[in-house]
Amino acid sequence: MEFELKRRVITYFVFATAAMNFGLSHVGENQVSAQTPTVDAEAENAVQKMDWWREARFGMFIHWGLYSIPAGDYEGKTIEGIAEWIMSKAGIPREEYEKFAPQFNPVKFDADAWVKMAKQAGMRYIVITSKHHDGFCLFDSPGQYDIVDATPYGKDVLKPLREACEAHDVKFCTYYSIMDWHHTSQLPSKEKDGKPVWNPTRMIPEQKEAYTDYMKSHLQMLIQDYQTHVLWFDGEWPKWWTDDDGQKLYKWMLKMNPNLIVNNRIGSGRQGYAGFSKEGSFAGDFGTPEQEIPATGVDTDWESCMTMNDTWGFKTTDENWKSTETLVRNLIDVASKGGNYLLNIGPKADGSFPEASVTRLSEIGDWMAVNGEAVYGTKAALFLPEWGRVTRKNGALYLHVFDWPKSRQLTIPALSNQLNKTVLLADSKTELKVDTSGEQWVIELPKDAADPIATVIKVDVEGMPQLR
Ligand code: FHN
């Protein structure tokens with residue numbers, strides 16, 4: 001997804017007038033709610049539990065499982081699209097797909113190395129596919145269709161990953177698919193050319209309760225034994241799963257851990273890849289745009305998830321890697337609009353990260369090491385400049401300059417705040433001159449940008465930056 005600059009300097013920020021407009025069930029920070037704010041502890045907690053998540057702004061998504069073995073190829077053919085869908089795209093019957101389990105032996109899996117790569121890249125949390133649509137569990141589930149009982153590897157991978165996350169102060173989080181192509185409660189929606197069509201699955205009505213209990217046995221483990229901080233639901237679109245089911249599941253989980261954060265794919269509020277929920281009160285704590293970034297700022301909680309190439313699960317033939325410049329500018333764009341960026345890694349079947357991913361993580365980390373404060377804990381900006389993006393937090397406005405002006409002058413709307421000093425994050429000792437006498441503030445710049453990806457200027461002010 002190429003970063004696109006829109007040429008206008010206007011106040012583009014769209015304040016959500018109420019959480020309901022985005023279908024989120026709690027009032028987000030700085031939210032102007034149409035409801036009289038309730039003061040009970042539950043509402044208070046619903047806001048506070050998001051604090052670490054809003055501060056984090058940047059996480060790693062990991063799609064890993066049996067689909068990493070075929071890696072997009074089946075019976076000599078490469079499937080179209082995303083590799084973790086191979087069971088569906090190639091119309092593989094259950095008993096055939098199960099044959100991948102005895103081949104899964106990720107001898108190169110190193111939880112500590114994975115977490116260190118995420119941490120070094122500046123990522124503050126990891127969301128891993130505990131169970132994707134294929135139904136295979138990467139944790140020691142009560143059943144047999146999991147990495148411990150069905151593979152030669154024979155060990156849990158989520159436990160060491162959670163321990164490594166704790167050791168490196170990275171939040172451990174889990175993805176979980178409601179749709180399950182392996183569970184006997186669900187059938188292919190139809191047959192096509194003699195092959196099963198797995199999406200969406202067809203629920204055997206009298207088995208829905210049993211499947212819900214099956215899911216709950218997994219979720220209880222993920223919450224109580226693995227202490228996941230976020231449950232990232234997906235696969236909620238089959239019609240047999242209702243928003244009422246999602247609301248009930250949300251309440252059931254929060255009883256176990258009131259600080260658990262849950263995305264808006266637990267119910268049926270989400271509106272496609274745009275990711276925000278329909279009007280009304282739908283379950284979930286944050287919106288989930290997928291492979292896209294909203295055009296404007298959004299003052300409620302949301303997270304854009306994206307791939308580094310075009311697939312979530314590892315695909316041998318997918319070499320369409322986004323540049324590090326694009327990935328960093330996507331992160332900046334998301335933060336400038338008040339969101340989190342969840343960037344995906346698709347490990348190989350042997351447990352190693354693709355080299356192209358490792359390189360990009362390292363390069364993103366180099367940029368974050370200098371400029372991370374301009375992303376972490378920031379809020380949606382107040383204007384959209386033609387030369388880059390803007391983020392803000394109490395005491396600072398951060399100007400992320402992509403196109404360095406030849407005039408060596410940068411113009412921003414005047415702020416109502418008292419100006420303290422203005423520096424480059426890459427050279428905080430050199431103060432930049434700012435002319436604040438007019439309707440706009442004009443910053444005198446050095447001749448060259450400090451970083452071709454984005455040079456960040458910190459405008460240090462008193463209080464939360466506001467336009468005059
Ligand atoms: O079908 C899944 C897909 O495999 C992948 O997990 C993405 C990531 O958010 N979610 C669904 C597609 O919207």
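This is a predicted model: local features need pLDDT of at least 70, side-chain atom pairs count only at pLDDT 80 or more; totals for chains, interfaces and linings use all residues.
Residues are numbered from 1 along each chain as its sequence is written, and side-chain values use heavy atoms, with hydrogens and water left out.

Where do the domains lie? Domain 1 covers 12-374 and domain 2 covers 388-461. Such bounds come from an automatic or database domain assignment. The C-alpha centres of the two domains are 36 Å apart. Domain 1 gives 14 residues to the contact, and domain 2 gives 15 residues. Contact means heavy atoms within 4.5 Å.

On the domain 1 side, Arg329, Glu373 and Ala374 lose the most area to domain 2. Together they account for 41% of what that side buries.

The rule finds two salt bridges across this interface. A salt bridge is a side-chain nitrogen of Lys or Arg within 4 Å of a carboxyl oxygen of Asp or Glu. The side chains of Glu373 and Lys458 form a salt bridge, at 3.0 Å from N to O.

Which elements build the domain 1 side? Helix H10 (324-336) and helix H11 (355-371) are the elements that give two or more residues to it. H10 gives the most, with eight residues. Helices (H or I, at least four residues) and strands (E, at least two) are DSSP runs, numbered from the N terminus.

## Individual residues

Buried means under 20% relative accessible area, exposed over 50%, and partly exposed in between (1.4 Å probe, protein chains only).

| Residue | Relative accessibility | Class |
|---|---|---|
| Arg54 | 6% | buried |
| Thr174 | 0% | buried |
| Ala71 | 3% | buried |
| Arg408 | 38% | partly exposed |

Arg54 sits in helix H2 (residues 51-56). Arg54 and Ala335 are 281 residues apart in sequence, but 9.9 Å apart in space, C-alpha to C-alpha.

Thr174 belongs to strand E5 (residues 171-177). Why does Thr174 count as buried? Thr174 counts as buried because its relative accessibility is 0%. Its side chain makes a polar contact with the side chain of Thr228, at 2.8 Å. Beyond residues up to four places away in sequence, Thr174 touches residues including Val127, Leu158 and Trp232.

## Backbone exceptions

Most residues other than glycine have a negative phi, and most peptide bonds are trans. Ala71 has a positive phi, near 50 degrees. Ala71 lies in the loop between strand E1 (58-62) and strand E2 (73-74). Arg408 has a positive phi of about 60 degrees and is not a glycine. Its loop runs between strand E15 (396-401) and strand E16 (409-413). The peptide bond from Asn199 to Pro200 is cis, with omega near -5 degrees. Pro200 is in the loop between strand E8 (195-197) and strand E9 (202-203).

Methods:
Buried area is the accessible area (1.4 Å probe) that two parts lose on being put together, summed over both. A polar contact is a pair of N or O atoms within 3.5 Å; within protein, one must be able to donate a hydrogen and the other to accept it, and residues adjacent in sequence count only if both atoms are side-chain atoms.
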